[in-house]
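Thanks for asking me to look this one over. Here are my notes, point by point, to read alongside the model.

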Amino acid sequence: MFWKLDIRNKQLVKTGQDALKFLDEQLGLNNTSSEPHVLKLFARDEYATKGLGRFPEKPIMEAHFTYSTCFHCVFMLFGVGGFVLGLYCLFKGFL
């Protein structure tokens, strides 16, 4: 259920981002130097995170993770942990 909730939140956030990006373009804000204007939040975020490496390219502690990637890692960790614990309990006779 948390995975489905994460997918729905991602859809809603994407819709809001698209609307705000459209409004940013309508304002006609000029970029300051090489960076996007300070009020163009999503353009600035894309600019700031564009050069950051992902996990296979960089060590896990230095890599850039998206919000969804973090949630997927937590879901996977709990899923695998629960499965292993369930097998352990099954073979030890706790269930």
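1. A word on terms before we start: two residues are in contact if they have heavy atoms within 4.5 Å of each other. Helices are DSSP runs (H or I, at least four residues), as strands are (E, at least two), and both are numbered from the N terminus. Please bear in mind that this is a predicted model, in which local features need pLDDT of at least 70 and side-chain atom pairs count only at pLDDT 80 or more, while totals for chains, interfaces and linings use all residues. Residues are numbered from 1 along each chain as its sequence is written, and side-chain values use heavy atoms, with hydrogens and water left out.

2. Let's begin with α1 and α3. On the α1 side, Phe2, Trp3, Asp6 and Lys10 meet Ser68, Phe71, His72 and Phe75 of α3. Sorted by class, this contact has 4 nonpolar, 2 polar and 2 charged residues (Ala, Val, Leu, Ile, Met, Phe, Trp, Tyr, Cys and Pro count as nonpolar, Asp, Glu, Lys and Arg as charged, and the others, Gly among them, as polar).

3. How are α1 and α3 oriented to each other? They pack at an angle of about 175 degrees, and their axes are 11 Å apart. Axes here are lines fitted to C-alpha atoms, for helices over the stretch in contact, and angles run from 0 to 180 degrees between N-to-C directions. The pair α1 and α3 is therefore roughly antiparallel (under 35 degrees counts as roughly parallel, over 145 as roughly antiparallel, 65 to 115 as roughly perpendicular and the rest as oblique).

4. The arrangement of α1 (residues 2–27) with α2 (residues 41–49) has an angle of about 105 degrees, with axes 8 Å apart. These two helices are therefore roughly perpendicular. Gln17, Leu20, Lys21 and Asp24 of α1 make the contact with Leu41, Phe42 and Glu46 of α2. By class, that gives 3 nonpolar, 1 polar and 3 charged residues.

5. Tyr67, Phe71 and Phe75 form one aromatic cluster, and a search of the whole structure finds 2 aromatic pairs. Tyr67 and Phe71 make an edge-to-face pair, 5.0 Å centre to centre with 75 degrees between the planes. Rings of Phe, Tyr and Trp (its six-membered ring) pair if their centres lie within 6.5 Å; planes under 30 degrees apart count as stacked, over 60 as edge-to-face and the rest as tilted.

6. Why might that pairing make sense along a helix? Tyr67 and Phe71 are 4 residues apart in α3 (residues 67–92), so about one helical turn separates them. An α-helix has 3.6 residues a turn, so residues three or four places apart point the same way. Tyr67 is exposed, at 63% relative accessible area, whereas Phe71 is partly exposed, at 32% (buried means under 20%, exposed over 50%, partly exposed in between, with a 1.4 Å probe and protein chains only).

7. The helix lengths check out too. The 26 residues of α3 should span 38 Å at 1.5 Å a residue, and the end C-alpha atoms are 38 Å apart, which agrees; the expected span is 1.5 Å times one less than the number of residues. After α3 comes Gly93, with a positive phi near 80 degrees. Gly28, which follows α1, also has a positive phi, near 70 degrees.

8. Lastly, Glu46 lies in α2 and is partly exposed, with a relative accessible area of 44%.
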